[in-house]
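These are my notebook entries on a single chain, written as I looked up one site after another. The structure is shown first.

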Amino acid sequence: MESNFKDTLAQRDIFPFIGVYDAFSATIAARHFDGVFLSGLSFAASHYGLPDIGFNTWTDMAAFAHRVKAILPDTHILVDIDDGFVDVETACHLISLLESIHVSAVVIEDQKRPRRCGHFDNKRLMKTRDFCEKLESVLSIRKELFVIARTDASEPGEIEKRILAFAGSGADAVLVDGISDLQMIRSLKEKVRLPFAFNQIPGGKSPAYGFESLKNAGVSIAIHSAPCLFAAGEAVDRAMVSLKENGKTPFEDDRGMTLPVCSDILNQNLLKKRQPA
């Protein structure tokens with residue numbers, strides 16, 4: 001079983017969480033990284049075929065986490081819980097469920113519903129006081145679960161006010177979503193002595209920074225929200241074009257994903273589920 005995430009983070013310069021959209025993509029990601037992110041954007045696209053504007057439910061994310069944890073017991077799992085799914089009672093209930101299956105961490109945000117992807121404009125925010133009250137309730141009920149408090153504010157003064165408030169409420173780490181310059185994190189790090197998370201999405205507002213650049217800016221947790229979703233989308237499209245034009249998929253001509261390879265991965269997951277706890 002993996003260690004408490006706070007202890008793991010203390011031993012790393014930077015910890016990556018890779019965004020996944022289902023249990024299979026989580027399996028692939030976990031072959032390369034020891035942290036996966038159950039991304040709300042990726043789940044909404046995969047499960048509903050819809051944008052990340054609030055279709056995901058707390059039961060969706062709890063069930064998703066349970067499936068992934070069952071096959072990746074030694075992988076750190078970070079779960080996107082939006083705003084805690086509106087009310088405080090639901091947020092706290094979800095925290096209890098996620099902790100019971102040994103999820104490592106959650107991200108909770110200050111966006112109002114109807115929500116938008118954090119890298120889009122025209123987001124609506126909760127009042128800082130209301131969000132902090134919810135955050136404090138979540139923190140009071142968790143035992144070891146690591147809680148990242150995210151703001152979707154875009155104005156520098158408002159960002160600083162909210163990050164300071166989140167730190168004062170006891171958040172384990174903070175995240176400013178959709179920022180375009182790492183200098184903001186460098187400035188905030190001088191005032192907030194907490195780990196900072198940074199969220200990147202190809203085509204989003206944040207440039208594609210490497211791990212070394214993020215580490216040098218003071219980032220401790222590097223979240224990549226949608227690499228698996230976008231890679232799958234590109235590969236599926238390429239396979240369909242090939243099938244339409246040539247009558248076969250490109251995987252039949254190389255050493256990519258084939259039936260034996262896929263079956264081997266799935267059988268390994270089956271063996272993990274059969275191992276005693």
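Predicted model: local features only at pLDDT ≥ 70, side-chain atom pairs only at ≥ 80, totals over all residues.

**Entry 1: aromatic rings.** Ring pairs join F5, F15, F17 and F146 into a cluster. I then searched the whole structure for aromatic pairs and found 8. For the pair of F5 and F146, I read a distance of 5.0 Å between the ring centres and an angle of 80° between the planes. Planes over 60 degrees apart count as edge-to-face, so this pair is edge-to-face. The two partners come from distant parts of the chain, 141 residues apart: F5 belongs to helix α1 (residues 5–10), and F146 to strand β5 (residues 146–151).

I next looked up the accessibility of both rings' residues. F5 has a relative accessible area of 2% and is therefore buried. F146 also counts as buried, because its relative accessibility is 2%.

**Entry 2: E109.** I moved on to strand β4 (residues 105–109), in which E109 lies. Is E109 buried or exposed? Its relative accessible area is 1%, so I record E109 as buried. I then asked which side chain joins that of E109 in a polar contact of 3.3 Å. The partner is R150. Setting aside neighbours within four places in sequence, I listed the residues in contact with E109: D80, D82, D83, R115, M126, F131, R150 and D152.

**Entry 3: helix α4.** I checked the length of helix α4 (residues 58–71) against its 14 residues. At 1.5 Å a residue the helix should span 20 Å.

**Entry 4: R193.** I turned last to a loop residue. R193 lies between α8 (183–189) and β7 (196–200). With a relative accessibility of 73%, R193 counts as exposed, because the cut-off for exposed is over 50%. Which backbone oxygen does the side chain of R193 reach? I found that of K189, at 3.4 Å. Finally, I took the separation of R193 from P250, which is 57 residues away along the chain. The C-alpha atoms of R193 and P250 are separated by 50 Å.

Key
Residues numbered from 1 in each chain as written. Heavy atoms only, no water. Helix = DSSP H or I, 4+ residues; strand = E, 2+ residues; numbered from the N terminus. Buried < 20%, exposed > 50% of the residue type's maximum accessible area, 1.4 Å probe, protein only. Polar contact = N/O pair within 3.5 Å; in protein donor to acceptor, adjacent residues only side chain to side chain. Contact = heavy atoms within 4.5 Å. Expected span 1.5 Å × (residues − 1). Phe/Tyr/Trp six-rings, centres within 6.5 Å; stacked < 30°, edge-to-face > 60°.
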